[in-house]
Amino acid sequence: MAASFEQQTQELHLESTLDSVDLADQAALELARKVGFDEDDQNSISMAVRECMVNAIAHGNKYNARKKVYLKLEAAPGTLVVSIGDEGDGFKDNDVPDPLAQENLLKQSGRGLLLMRAFMDECEHVPRVPQGTLVRMVKRLNAA
Amino acid sequence: MSVTMSTRQVGDVTVIDAAGRITLGEGSSAFRDTIKDLVTKGDKKILLNLSEVTYIDSSGIGELVSGFTTTSNAGGKLKLLGLTKRVHDLLQITKLYTVFEVFDDEAAGLASFS
């Protein structure tokens with residue numbers, strides 16, 4: 001129950017395969033339930049985690065078996081923080097075409113970051129050292 | 001569970017009943033293959049029933065768009081039926097609600113092709 005829940009942190013280094021998407025999703029949802037997120041928020045967290053993991057595995061690490069995906073989950077009363085890092089070449093916001101621009105609406109890809117931002121209360125990405133990208137997403141209970 | 005798809009003919013409209021998850025990998029390729037096969041056969045009026053689809057990720061959304069353009073390029077139409085709240089929200093967020101014709105009621109969806 002959320003009332004007795006204090007704080008919990010989990011760190012994982014996952015393979016660059018799509019199986020890791022499910023593992024990350026399950027781990028995040030387990031903590032999300034402990035924090036007390038309702039089903040709707042759990043669905044949002046699941047969507048954001050899955051999109052971020054797919055980005056890290058497919059676009060960041062490019063399915064390279066030598067590269068890992070770093071997952072950190074930090075649960076505290078009322079908050080879940082999800083950090084996902086890859087070992088890819090990194091990206092800038094300007095590299096990603098606006099998926100809501102009329103000319104991009106019928107493109108097949110490029111909506112992952114949009115969905116992560118839509119479903120979480122905070123979503124930011126920073127370069128990792130020595131290489132890669134770290135995405136940090138926050139979900140809060142009862143956020144407006 | 002990934003997506004399962006079955007087709008049925010109602011007059012000159014092909015209804016695809018999809019169920020499960022349309023996500024990166026097996027789910028999205030199954031969807032793509034089904035649409036491509038129908039269009040190749042000459043089926044140009046397609047009503048995609050998503051009422052039993054529990055989850056779509058951005059790859060799945062990409063496949064919906066791909067199906068839409070494949071059908072449109074062949075001179076046909078792909079329309080959507082029975083969106084769950086989650087899929088409805090996704091189409092709103094991605095602005096694809098402005099692209100697809102969406103119906104809650106199958107009879108209305110079928111009638112829209114005539």
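In β5(A), H125(A) has V135(A) as its bridge partner. This is a predicted model, in which local features need pLDDT of at least 70, side-chain atom pairs count only at pLDDT 80 or more, and totals for chains, interfaces and linings use all residues. Residues are numbered from 1 along each chain as its sequence is written, while chains are lettered from A and ligands numbered from 1 in the order in which they are written.

**The sheet**

Strands β4(A) and β5(A) (residues 133–140) run antiparallel, joined by six bridges. Two strands pair if DSSP finds at least two bridges between them. Helices (H or I, at least four residues) and strands (E, at least two) are DSSP runs, numbered from the N terminus. Chain A has an open sheet of five strands, ordered β1-β2-β3-β5-β4, with antiparallel pairing. At its edges lie β1 (8–15) and β4 (122–127) of chain A, each pairing on one side only. On average, neighbouring strands are turned by 15° against each other, direction ignored.

**The helices**

Contact means C-beta atoms, placed from the backbone, within 7 Å. Axes are lines fitted to C-alpha atoms, for helices over the stretch in contact, and angles run from 0 to 180 degrees between N-to-C directions.

| Helix | Strands | Angle |
|---|---|---|
| α1(A), residues 19–35 | touches β1, β2 (68–76) and β3 (79–85) of chain A | about 175° with β1(A) |
| α2(A) | lies across β2, β3 and β5 of chain A | about 180° to β5(A) |

**Meeting chain B**

The contact takes 16 residues from chain A and 15 residues from chain B. On the chain A side, α2 (39–60) and α3 (112–119) each supply at least two residues.

Conventions: Contact = placed C-beta atoms within 7 Å.
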